[in-house]
Amino acid sequence: MAKTVGQRLAPVLLVLASTLLTLLVLEVAARLLRRGQGGGKEAVEILHYTEYDPILGWSKIPGARVVYRRREYTVEVAINSHGLRDPERGYETPAGTARILALGDSFVEGYSVSLPETATQVLESSLVRAGCPAEVINGGTAGYSTDQELLFYETEGHRYKPRVVVLFFHYNDVVYNDRQDYFGAPKPVFQMGEGRLCIHRLPVRRPAPRSASASPMEPPDASRSELLEWLRERLWFGAPAAYDFLARRGLWLPMPKMETRLELRVYERRKVDLIEDAWAKTAAILGALEAEARSRGARLLIVYVPSRLEIDDRTWRLSRRLYGWSEADWDRGQVARQLEDIGARASIPVLDLTEPLRRASEGWGGEPYFTYDGHWTARGHRVAAGEVQRFLTDHHWLEAVADGVSCRMAPRRANDGHDAGR
């Protein structure tokens, strides 16, 4: 008996109804998930716990608290009475304790993870467990470049009497060491003359009201469907070719071509005068920090913090697609090599975290960097802490640091650095 039109259409309608119901459920789930997440980098939390500083440009407000609500994390940042994101400590070193001062920017401040998960706290806990009483002071401040870190050490950091100073260096330090503002926020800048550095102008000018801008690495347009937005964001970061394929069919706007910002030109193989000048000033600042630390009986270690594009192939491909870079003209390993050359000339050891973080990214246990934010996850902080501890151990830097206490530590296995502090 021949089927009626209704009977033939029934399976098709059932499939369509099931598909629509599934999409509806997924859309509701995506909206509920997104509702519990914060925004992206357009948030301005830093303005709520920093204030104008006539020498440093800005510094953290003692006793301030703020909550970062981002799509990948929600973290409370609390500032101690000395203006650090650190446990309460006095300036005097406790007897029998090795003191280490960490200098750096937001990677060291660590606002993307809880305080116990920061590299400084993980390193401190791991040293203590290994039999070396230690305090690792978190001197990091979001947005700082190396010149501000030098000034912080000279004006405040040295008061903690560290015997080891660990400077965390990121690629954007190069250009901002030669600039008088950081995304509109006035900062100090050194001038080079007569073989020495001098501050261009003090006090630093007061800032105008600041507003935040969207990250250029984030998809530019938003969809009304949270499910579609979820798919779009994952293709943007994970499969740019598929993203553009669907964009050409009208599903969303195509991936734009971005203008390369000056700080990113440190990866360009061709010599750029502004970059060369910034590197020269950076070398002078690093030399001044080493001399200042040495004059106070401390040793300096430079730790290179790679950007995510340096350790993750997908991010490198996305960056090249966004900015129109070619492999022949751009080199993601160039900054680390330049920094190592500066360190070798100045006899300052440089610890490059690129390979340990790349191994962590390729292995199990979670990514070391957040996808949208670009800062370290708790795993990234553990990797950094483990590698610093490995250096201090292998080079015996802590054996004679703590008064009356031996800080000899047993050699650690090759993969221990990825899990330090767990």
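## Where α12 meets α13

Pro 356, Leu 357 and Ala 360 on the α12 side touch Arg 379, Gly 380, Val 383 and Glu 387 on the α13 side, contact here meaning heavy atoms within 4.5 Å. Sorted by type, the residues of this contact come out as 4 nonpolar, 1 polar and 2 charged. In that sorting, Ala, Val, Leu, Ile, Met, Phe, Trp, Tyr, Cys and Pro are nonpolar, Asp, Glu, Lys and Arg are charged, and the others, Gly among them, are polar. Before going further: this is a predicted model, where local features need pLDDT of at least 70 and side-chain atom pairs count only at pLDDT 80 or more, while totals for chains, interfaces and linings use all residues. Residues are numbered from 1 along each chain as its sequence is written, and side-chain values use heavy atoms, with hydrogens and water left out.

Back to the helices. α12 covers residues 354-362 and α13 covers 378-394, and they pack at about 140 degrees with their axes 10 Å apart. The axes are lines fitted to C-alpha atoms, for helices over the stretch in contact, and angles run from 0 to 180 degrees between N-to-C directions. That makes the pair oblique; under 35 degrees would be roughly parallel, over 145 roughly antiparallel, 65 to 115 roughly perpendicular, and the rest is oblique. Helices here are DSSP runs (H or I, at least four residues), as are strands (E, at least two), numbered from the N terminus.

Val 383, in α13, has 0% relative accessibility and so counts as buried. The cut-offs are under 20% relative accessible area for buried, over 50% for exposed, and partly exposed in between (1.4 Å probe, protein chains only).

## Two buried loop residues

Ser 307 belongs to the loop between β12 (299-305) and α9 (308-311), and is buried at 8% relative accessible area. Setting aside neighbours within four places in sequence, Ser 307 touches His 170, Tyr 171, Tyr 267 and Tyr 369. With Tyr 267 there is a side-chain to side-chain polar contact of 2.9 Å. A polar contact is a pair of N or O atoms within 3.5 Å; within protein, one must be able to donate a hydrogen and the other to accept it, and residues adjacent in sequence count only if both atoms are side-chain atoms.

Glu 268 is in the loop between α7 (240-248) and α8 (273-295), and is also buried, at 10%. The Glu 268 side chain makes polar contacts with the side chains of Arg 265 (2.9 Å) and Arg 270 (3.3 Å). Beyond four places in sequence, Glu 268 meets Asp 329, Trp 330 and Gln 334. Trp 330 is 62 residues away in sequence, but the C-alpha atoms are 4.5 Å apart.

Most residues other than glycine have a negative phi, and most peptide bonds are trans. Here are some exceptions. The Leu 202 to Pro 203 bond is cis, with omega near 0 degrees, and Pro 203 is in the loop between β11 (196-199) and α6 (226-238).

Ser 347 is not a glycine, yet has a positive phi of about 60 degrees. Ser 347 lies in the loop between α11 (334-346) and β13 (350-352), and is exposed at 65% relative accessibility. His 396 has a positive phi too, near 60 degrees. His 396 is in the segment after α13 and is partly exposed, at 47%.
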